Amino acid sequence: MINATASTPENDTDPLSAHNFERLCKFIKGYCGITLNASRRTMLEGRLKRRMRAVAIDDINEYARIILEERGPEIEAEILHLMDAVTTNKTDFFREPSHFDFLTKTILPEIAASSARHIKIWSAACSIGAEPYTIAMVLDDFCRKHSALDYMVLATDICYQSLQKAQVGRFPGSMVEPVPEHLLHQYVMRSADGSEVRMSPRLRSNIAFARLNLMDERYPVPADFDVIFLRNVLIYFDKPTQLLVPTRLCNHLRPGGYLVLGHSESVSRTGLPLHSVANTIFQRR
Ligand SMILES: C[S@@+](CC[C@H](N)C(=O)[O-])C[C@H]1O[C@@H](n2cnc3c(N)ncnc32)[C@H](O)[C@@H]1O
């Protein structure tokens, strides 16, 4: 239970002060890398107010003070909720489909032709799971045809609520429209009225979900991924962080492994040991 100092009728409706907005932005950026500018102030206030209702705090400046100035297990837990509130979790199945074409037509055949027997892919900002389930469908379908191969997908995100949804693997029926028919047929179960779908247990058993903050200095995950998907998250970070995170991720790619970014993201001309092999796909030297 978070202890707020008593609010007065006036401060119930006070907006977030400019000073507290600035301090919160700095705190959020340091914690999870997300850069908020003045245009995001209304968005932040709206999301904080939702959180404040959950913890029964009326005064937004008091909520900010608690987050910024108090410490202890309850505040640490509240900070995780705050991070859930500030992340943007938009995602889709087969988002940016050229990446999955490259995976199917170039990366997987290359692995099948090598001596490797186990494919390891990391979805490093997996949101509610559309990305790792898409990857798992493609891998599972490929491995069925190449019986000597098996696979695992690691799916991580900073947002607990998203990870919980991802783990359950239930989605609105309309979300799977981009999934090709032959994969839908194998891996997606539809509710009687078609309004909801569920990913097959077979896919779910091949995906490990975990919370991981890309701002952490070390990532407690294997060092030899074949492919890392880091899509549509660098856009929320500032320039130094846009370099820092891929630099750390390089340590988790095997030589010859691939880093896949979102279509508006790049690591070209950064000096990282990566070269471009397709649109926003980079290979580790
Ligand atoms: C727009 S979604 C992209 C989801 C998916 N990669 C895609 O392209 O469809 C961005 C995700 O990045 C996550 N994120 C933001 N900052 C993060 C951080 N510091 N560490 C890990 N995940 C983060 C958010 O929680 C959100 O789920």
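An open sheet of seven strands has the order S6-S2-S1-S7-S8-S10-S9, and its pairing is mixed. Strands (E, at least two residues) and helices (H or I, at least four residues) are DSSP runs, numbered from the N terminus, and two strands pair if DSSP finds at least two bridges between them. The model is predicted: local features need pLDDT of at least 70, side-chain atom pairs count only at pLDDT 80 or more, and totals for chains, interfaces and linings use all residues. Residues are numbered from 1 along each chain as its sequence is written.

- Strands of a sheet pair through backbone hydrogen bonds, either parallel or antiparallel.
- Strand S7 (residues 225-230) and strand S8 (residues 253-261) run parallel and are joined by five bridges; Ile 228 has Leu 259 in S8 as its bridge partner.
- S9 and S10 run antiparallel and are joined by four bridges; Ala 278 has Ile 281 in S10 as its bridge partner.
- The hairpin of S9 and S10 has two residues between the strands, and Thr 280 takes a positive phi near 55° there.

**Helices lying across this sheet**

- Helix H7 (residues 160-168) lies across strand S2 (150-157) and S6, and runs at about 165° to S6.
- Helix H10 (residues 239-250) lies across S7, S8, S9 and strand S10 (281-284), and runs at about 145° to S8.
- For such angles, axes are lines fitted to C-alpha atoms, for helices over the stretch in contact, and the angles run from 0 to 180 degrees between N-to-C directions.
- Two residues are in contact if their C-beta atoms, placed from the backbone, lie within 7 Å.

**The three-stranded sheet**

- A further open sheet, of three strands, has the order S3-S5-S4 with antiparallel pairing.
- Its edge strands are strand S3 (170-172) and strand S4 (188-190), each of which pairs on one side only.
- The twist in this sheet averages 30° from one strand to the next.
- S4 and strand S5 (residues 196-199) run antiparallel and are joined by three bridges; Met 189 stands opposite Arg 198 in S5.

- Eight residues from domain 1 and eleven residues from domain 2 take part in the contact.
- On the side of domain 1 that touches domain 2, helix H1 (18-32) and helix H4 (73-86) are the elements that give two or more residues, and H4 supplies the largest share, three residues.
- By class, that side of domain 1 has five nonpolar, two polar and one charged residues.
- Ala, Val, Leu, Ile, Met, Phe, Trp, Tyr, Cys and Pro count as nonpolar, Asp, Glu, Lys and Arg as charged, and the others, Gly among them, as polar.

**Packing of H1 and H3**

- The axes of H1 and helix H3 (residues 60-69) come within 10 Å and cross at roughly 35°.
- In H1, Asn 20, Arg 23, Leu 24 and Phe 27 meet Asn 61, Ala 64, Ile 67 and Leu 68 in H3.
- By class, this contact of H1 with H3 has five nonpolar, two polar and one charged residues.

**Surroundings of the ligand**

- Thr 87, Thr 91, Ala 125, Ser 127 and Leu 214 come nearest among the 24 residues around the ligand; a residue is near a molecule or strand if its C-beta atom, placed from the backbone, lies within 6 Å of it.
- By class, the shell around the ligand has nine nonpolar, ten polar and five charged residues.
- Domain 1 (18-86) and domain 2 (98-284) each give at least three residues to this shell.

Methods:
Domains from an automatic or database assignment.
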